[in-house]
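Dear colleague,

I am handing over the structure we discussed, which you will find directly below. My notes on what was found in it follow, and I would be glad if you read them alongside the model.

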Amino acid sequence: MPKKNELPTLTELPAYQALENHFKLISQLKMRHLFATDEKRVEKFSIKNKSILLDYSKNRIVDETIPLLCNLAREVNLESWRDRMFAGDKINNTENRAVLHTALRNQTNEAVFVDGKDVMPEVNATLDKIEVFSEKVRGGIWKGFTDKAITDIVNIGIGGSDLGPKMVYHALKPYHHKELTVHFLSNVDGAQIDDILEDLDQETTLFIVASKTFTTQETITNAHIAREWFLQSGADDEQISKHFVAVSTNLEAAAEFGIDTDNVFEFWDWVGGRYSLWSAIGLSVVLAVGMENYKKLLGGAHAMDNHFKETPLEENMPVIMALLGVWYNNFFGAESHGILPYDDYLRDLPFYLQQADMESNGKSVDRNGKKVDYVTGPIIWGTSGINGQHAFYQAIHQGTQMIPSDFIASILTHNSHQDQHDIMMANALAQTEALMKGRTLDETYTDIVENINDIEDIEDRIHHMVFEGNNPTNTLLLTKLTPHSLGMLIALYEHKIFVQGIIWNLNSFDQWGVELGKKLAKKIHAEIGQAETVTGHDSSTNALINYYRSVVYKGAIDD
């Protein structure tokens with residue numbers, strides 16, 4: 001019980017305790033049995049929202065489970081928190097900021113207020129500015145310093161300034177401009193920038209420096225290397241502005257770098273980095289696919305926003321996915337969640353969602369600054385479908401840990417190889433069936449007898465071939481991967497993450513956990529260049545710094 005005048009924690013809530021009792025009753029049920037005894041199971045446990053179908057029937061739930069989970073959502077005031085987010089309240093309490101990435105795709109143009117100011121005029125003005133600029137580049141009107149049109153664009157960013165645009169760029173390849181290629185530079189490891197620049201031409205390359213503060217160490221370091229590379233072409237400082245633009249709020253620093261402030265595209269502190277795809281950070285995407293398609297991407301996200309705002313919890317796609325995640329995390333003890341897209345264009349989605357989810361809810365302190373006594377965000381991981389089958393699916397099927405997974409596929413394909421697409425879809429659907437059903441000892445024996453002539457040593461092998469099954473999956477089917485459906489898909493996961501953060505009483509919009517490493521890195525970077533032996537850290541870190549320095553600067557190479 002909570003102490004006097006203290007709000008109850010998650011595990012003390014009546015709805016949570018009701019779920020604990022429910023878990024004890026159904027945790028041993030087999031999905032195979034649930035399907036066999038309920039012919040309407042799929043109908044009850046699926047949601048169709050425009051171009052996305054969510055089938056969540058292959059989960060370890062019964063009729064009573066979702067209502068009990070929704071009771072928990074209501075008990076933590078999810079609907080109120082949702083409304084506060086859309087209204088521009090400063091729900092990012094540790095940074096005293098609103099959370100309004102949804103305003104960036106607000107296609108109704110209704111006013112959205114922050115501190116009493118309608119932000120929509122600025123949002124629309126920035127979109128207009130991006131459109132004008134992108135049309136110049138895409139149309140060959142924007143010329144480089146030798147009067148040649150741009151052929152290559154390098155987006156220099158990190159985190160949300162890289163992962164989001166890169167994922168969308170690859171996902172929307174069928175919509176790319178035929179004469180423009182976008183490259184993404186994020187790693188401060190010099191190998192990446194060397195690999196990118198070696199095939200580019202200074203005369204036809206445009207760089208986008210994406211840093212809100214224009215001080216992000218990795219991004220600015222790479223930007224200066226790109227600047228030096230550009231100047232090696234014989235261009236002078238005055239011509240930098242023809243080949244560098246920025247997405248930033250720091251006009252002074254951008255101008256000092258050599259960028260024309262007319263070509264600095266702004267975004268705002270109420271846009272978190274991992275949600276910045278919808279802001280001017282999406283400039284590289286607009287250059288690749290055009291403003292018309294980018295607006296369709298925004299429109300898809302806006303459609304999901306409306307679904308999330310207006311649909312009852314029991315029929316709400318992001319809410320259902322979030323609550324199922326809580327069900328497995330907090331009751332079944334699952335520690336990770338697989339993202340398995342059966343669409344090569346979506347191959348970067350797992351990496352994007354790693355940041356979106358783990359940076360949001362990978363926290364052990366609640367909104368009130370107290371250590372939580374329950375499990376929060378899972379480890380997010382995965383890769384494109386059939387490749388994963390030949391890598392880690394063994395552990396999902398027969399390992400000792402439960403790994404709930406999302407299978408994502410597009411029904412209609414952009415390519416001309418329908419037979420290959422059919423094979424891929426067959427594999428996606430077969431995997432969800434196999435994970436749910438498994439294979440009993442008797443079924444395994446029958447399969448062996450039917451398919452193998454020699455069964456002399458069957459007793460030695462048969463138990464290795466039994467699949468327990470009962471592994472939960474969600475299946476998300478997109479009618480076709482388009483800018484609109486992609487926007488819906490991304491927003492679906494954003495809102496799922498938000499819902500889980502509310503359930504766990506977390507601030508999903510800060511990321512203090514990354515700050516200490518950055519601070520220490522700056523200190524160590526300075527120490528690497530000093531002459532004296534480093535002694536100011538723990539013995540391991542001191543030894544590693546000094547060993548690195550001895551090899552790099554003193555030539556102490558031990559063959």
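The largest pocket has a volume of about 1100 Å³, where a pocket is an open set of points on a 1 Å grid over the protein atoms alone at which a 1.4 Å probe fits, with protein on both sides within 12 Å along at least five of seven lines, and a volume is the space filled by probe spheres set on the points, which are joined across faces, edges and corners. Of the 40 residues that line this pocket (those with an atom within 4 Å of a point), T216, G273, Q511, E515 and K518 are the closest to its centre. Helices α7, α9, α14 (349–361) and α21 (515–528) each supply at least two residues of the lining, and the largest share, five residues, comes from α21; helices here are DSSP runs of H or I of at least four residues, and strands are runs of E of at least two, numbered from the N terminus. By class, the lining of the largest pocket holds 13 nonpolar, 16 polar and 11 charged residues, with Ala, Val, Leu, Ile, Met, Phe, Trp, Tyr, Cys and Pro counted as nonpolar, Asp, Glu, Lys and Arg as charged, and the others, Gly among them, as polar.

Please bear in mind that this is a predicted model, in which local features need pLDDT of at least 70 and side-chain atom pairs count only at pLDDT 80 or more, while totals for chains, interfaces and linings use all residues. Residues are numbered from 1 along each chain as its sequence is written, and side-chain values use heavy atoms, with hydrogens and water left out.

Turning to the sheet, five strands form an open arrangement in the order β6-β5-β7-β8-β9, with parallel pairing (a pair needs at least two DSSP bridges). Because β6 (181–185) and β9 (264–265) stand at the edges with a single partner strand each, one side of each is left without a neighbour in the sheet. Two bridges join β8 (residues 244–247) to β9, and A246 stands opposite V264 in β9.

Elsewhere, helices α12 (residues 291–310) and α13 (residues 317–332) pack at an angle of about 70° with their axes 8 Å apart, the axes being lines fitted to C-alpha atoms over the stretch in contact and the angles running from 0 to 180 degrees between N-to-C directions. The two helices, α12 and α13, are therefore roughly perpendicular to each other (65 to 115 degrees; under 35 counts as roughly parallel, over 145 as roughly antiparallel and the rest as oblique).

With best regards
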